[in-house]
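Student: I would like to learn how to read a protein model. Please take me through one.

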Amino acid sequence: MTGGYLSSIYNETERPKSKYPFQLAERLMSVHSIEPEETLIDLGAGRGEVAIGFAKLGITVHAVDRDETFRSDIENAGINFISHDIGTDQLPFEDDSVDIVYSKSFLEHLPNPEPVLRECYRILKP
């Protein structure tokens with residue numbers, strides 16, 4: 001495999017970009033009454049498409065992933081990219097500092113997701 005997991009799983013030929021990530025962000029904002037001034041952490045951001053969708057809708061987004069393949073795409077969209085091994089270390093956020101933790105197709109890749117879920121609880125505002 002050349003270029004790592006993200007490069008192969010998000011190969012443009014097999015998985016071209018679409019409007020779906022933006023539509024998903026838009027739908028989640030509507031269904032969950034998310035306000036544009038809120039702060040969202042995208043854990044396991046991957047290609048960053050959903051994070052970019054949320055950012056386009058006015059959310060302050062931090063994209064967290066250990067793979068930096070799409071870092072420049074994410075940062076070029078005005079999103080703070082944090083290179084971090086989510087499954088092993090404490091998340092680099094203060095207690096009670098985040099409005100939303102979002103993750104799609106990530107937790108199932110962890111051998112033990114419980115510490116990550118505890119970290120999400122720690123950083124979420126009450």
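Predicted model: local features only at pLDDT ≥ 70, side-chain atom pairs only at ≥ 80, totals over all residues.

Student: How many helices and strands does the protein have?

Tutor: Helices (H or I, at least four residues) and strands (E, at least two) are DSSP runs, numbered from the N terminus. Here there are five helices and four strands, and along the sequence they follow the pattern α-α-β-α-β-α-β-β-α.

Student: Which strands pair with β2?

Tutor: Two strands pair if DSSP finds at least two bridges between them. Strand β1 (residues 39-43) pairs with β2 in the parallel sense over five bridges, and Ile41 stands opposite His62 in β2. Strand β3 (residues 80-83) also pairs with β2 in the parallel sense, over four bridges.

Student: What do β1, α3 and β2 make?

Tutor: A crossover is right-handed if, with the strands pointing away from the viewer, the path from the first strand over the helix to the second runs clockwise. β1, helix α3 (residues 49-56) and β2 make a right-handed β-α-β unit. Another right-handed β-α-β unit is made by β2, helix α4 (residues 71-76) and β3.

Student: Why is β2 described as largely enclosed?

Tutor: Buried means under 20% relative accessible area, exposed over 50%, and partly exposed in between (1.4 Å probe, protein chains only). Five of the six residues of β2 are buried, so this strand is largely enclosed by the rest of the structure. For α3, six of the eight residues are buried, so that helix is largely enclosed too. Of the 126 residues of the protein, 39% count as buried.

Student: Where is Asp65, and what does its side chain reach?

Tutor: Asp65 is found in strand β2 (residues 60-65) and stands opposite Ser83 in β3. Its side chain reaches the backbone nitrogen of Asp67 at 3.0 Å. A polar atom of the Asp65 side chain also lies 2.8 Å from the backbone nitrogen of Gly46.

Student: What is the nearest side chain of opposite charge to Asp65?

Tutor: Lys and Arg count as positive and Asp and Glu as negative; His and the chain ends are not counted. A salt bridge is a side-chain nitrogen of Lys or Arg within 4 Å of a carboxyl oxygen of Asp or Glu. Asp65 is buried yet has no salt bridge; the nearest side chain of opposite charge, Arg66, is 5.9 Å away.

Definitions and conventions. Residues numbered from 1 in each chain as written. Heavy atoms only, no water. Polar contact = N/O pair within 3.5 Å; in protein donor to acceptor, adjacent residues only side chain to side chain.
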